[in-house]
Amino acid sequence: MKLPSRDVMARHADEKISGPRVTLPRREVERPLRQVGKRLLMALGVLVVTIFLVYFDRDGYHDNADETLDFLDCAYYATVTLSTTGYGDIVPYSDTARLVNILLVTPLRVLFLIILVGTTLEVLTERTREEFRLNRWRSTLRDHTVIVGFGTKGRSAIQTLCATGLSKEQIVIVDPSSKVIETANADGFVGVIGDATRSAVLLRAEVQRARQIVIATQRDDTAVLVTLTARQLNRGAKIVAAVREEENAPLLRQSGADAVITSASAAGRLLGLSVLSPSAGTVMEDLIQQGSGLDLVDRPVTKSEAGKSPRETEDLVVSVLRGHRLLSYDDPAASPLQLTDRVITIVRATPVTRLSTPPED
């Protein structure tokens, strides 16, 4: 197998993987550090207000040590009072000081405790909520699609799948980069951080219950290992893999891939076709770009089409899938069409929402 160049290997040299982790699409909430920071500022503000309340009325307090209060004594009293410690070495003895404690200091103490307890409860609640969402996601996920690699190839595959009606909730993305998974979460996809060559990572993505698996890694050797692992975990899933070098395609097929796309060769053929006929190249690029212009659609034969030849259908039929045989539209065996057949047709596409600009593989 031909190994990738050093620049590709160096691209992920700094990736640190602590273990497989599932990340669900985040809701629009404030960042935890900002939330904690706001509460700390609020608690500090309550403490400062209490210090100045005591300082302005310091003559109404008694200190067992020296009977007078300076600013440090006021800060000390405010701190132990708000924290409900209450050593009793400094006490209010005048009516004014006691009234201030009843009407102002006590509510400030309650507010201080609410801020601290509220921060802890919110952290625990958020963690519990995330655990509940994750468990519910695992229990309801069935027949989904696992995308290994969220680079240019992976994003393009997702865009095509979404254009055919697959919902984002039925797509799980696996990638070793936490930044890439954060981008996937921002686009509304569930992500798993980890090395997809490991069984534990693919099990996190529930690959054993997946209907189809798309392998769009940057390295061909990684694609082979992922294919072997995925096929071992799921014997019935449809696995489609992409490789850079055509000489590695047989290894992918032997590893269990149902279809292998050679990205370098495919791009080269499209370049050659565009040189010979720019218009033909444009049409081919339009066909493989789902959601704009013309689209290739694989659909079952309708009752009205059964018994007709492929040329007599309303759509432009290019191939007929009968069992495991792929017949050309002009193949005599393709006529007449049967209800059990599937046809690959060219139809006018409907616009589809694009994903954000992907990073280059």
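Trainee: Where does D143 sit?
Mentor: D143 is in the loop between α4 and β4. Keep in mind that this is a predicted model.

Trainee: What is phi of D143 like?
Mentor: Phi is near 50° there, a positive value in a residue other than glycine. Most residues other than glycine have a negative phi.

Trainee: Is D143 buried or partly exposed?
Mentor: Partly exposed, because the relative accessible area of D143 is 43%.

Trainee: And what about E206?
Mentor: E206 has a phi near 55°, again positive in a residue other than glycine. E206 lies in the loop between α7 (199-204) and β7 (212-215). With a relative accessible area of 7%, E206 is buried.

Trainee: Which residues does a cis peptide bond join?
Mentor: S335 and P336, with omega at about -5°. P336 belongs to the loop between β12 and β13 (342-348). In general, most peptide bonds are trans.

Trainee: Back to β4. Which way do the side chains point?
Mentor: T145 and I147 point one way from strand β4 (residues 145-148). V146 and V148 point the other way. All are buried. In a regular strand the side chains alternate between the two faces of the sheet.

Trainee: How does β4 pair with β5?
Mentor: In the parallel sense, over four bridges, with β5 covering residues 171-175. V146 stands opposite V172 in β5.

Trainee: What about the sheet with β10? What is the strand order?
Mentor: The order is β10-β13-β11-β12. Those four strands form an open sheet, and the pairing is antiparallel.

Trainee: Which strands are at the edges?
Mentor: β10 (294-300) and β12 (325-328). Each pairs on one side only. Neighbouring strands of this sheet are turned by 25° against each other on average, direction ignored.

Trainee: How many bridges join β11 to β12?
Mentor: Four, and the two strands run antiparallel. Strand β11 spans residues 316-322. S319 stands opposite S328 in β12.

Trainee: What holds sheet strands together in general?
Mentor: Strands of a sheet pair through backbone hydrogen bonds, either parallel or antiparallel.

Trainee: Where is S309?
Mentor: In the loop between β10 and β11. S309 counts as buried, at 19% relative accessibility. The cut-off for buried is under 20%. S309 and Q338 are 29 residues apart in sequence, and their C-alpha atoms are 9.6 Å apart in space.

Trainee: New topic. How many aromatic pairs are there?
Mentor: A search of the whole structure finds six. Take Y55 and F71. Their ring centres are 5.5 Å apart and their planes are at 70°, so this pair is edge-to-face.

Trainee: Which helices do Y55 and F71 come from?
Mentor: Y55 is in helix α2 (residues 32-56), and F71 is in helix α3 (residues 71-82). So the pair ties together parts that are 16 residues apart in sequence. Y55 is partly exposed at 25% relative accessibility. F71 is also partly exposed, at 42%.

Trainee: What about the pair Y61 and Y77?
Mentor: The centres of those rings are 5.2 Å apart and the planes at 65°, so the pair is edge-to-face. Y61 is in strand β2 (residues 61-63) and Y77 in helix α3. Y61 counts as buried at 2% relative accessibility. Y77 is buried too, with a relative accessible area of 7%.

Trainee: Which residues do ring pairs link into a cluster?
Mentor: F52, Y55, F56 and F71. Y55 has another neighbour over its face: R58, at 4.2 Å from the ring centre. Elsewhere, K168 lies over the face of F189, at 5.4 Å from the ring centre.

Trainee: What does UniProt list as "transmembrane region"?
Mentor: The unreviewed UniProt entry lists residues 40-56 and 102-124. In the model, residues 40-56 are 100% helix, and their end C-alpha atoms lie 24 Å apart.

Trainee: Last one: which residues of α6 are buried?
Mentor: In helix α6 (residues 178-186), V180, I181, A184 and N185 are buried. Seen down the axis, the buried residues of α6 fall within an arc of 145°, so they line one face of the helix. On the other side, K179, E182 and A186 are exposed.

Note on methods:
Residues numbered from 1 in each chain as written. Predicted model: local features only at pLDDT ≥ 70, side-chain atom pairs only at ≥ 80, totals over all residues. Heavy atoms only, no water. UniProt positions renumbered as here; feature names shortened; annotations may be inferred. Pairing = 2+ DSSP bridges. Axes fitted to C-alpha atoms, helices over the stretch in contact; angles between N-to-C directions. Phe/Tyr/Trp six-rings, centres within 6.5 Å; stacked < 30°, edge-to-face > 60°. Buried < 20%, exposed > 50% of the residue type's maximum accessible area, 1.4 Å probe, protein only. Lys NZ or Arg CZ within 6 Å of the ring centre and 35° of its normal. Arc of directions from axis to C-beta.
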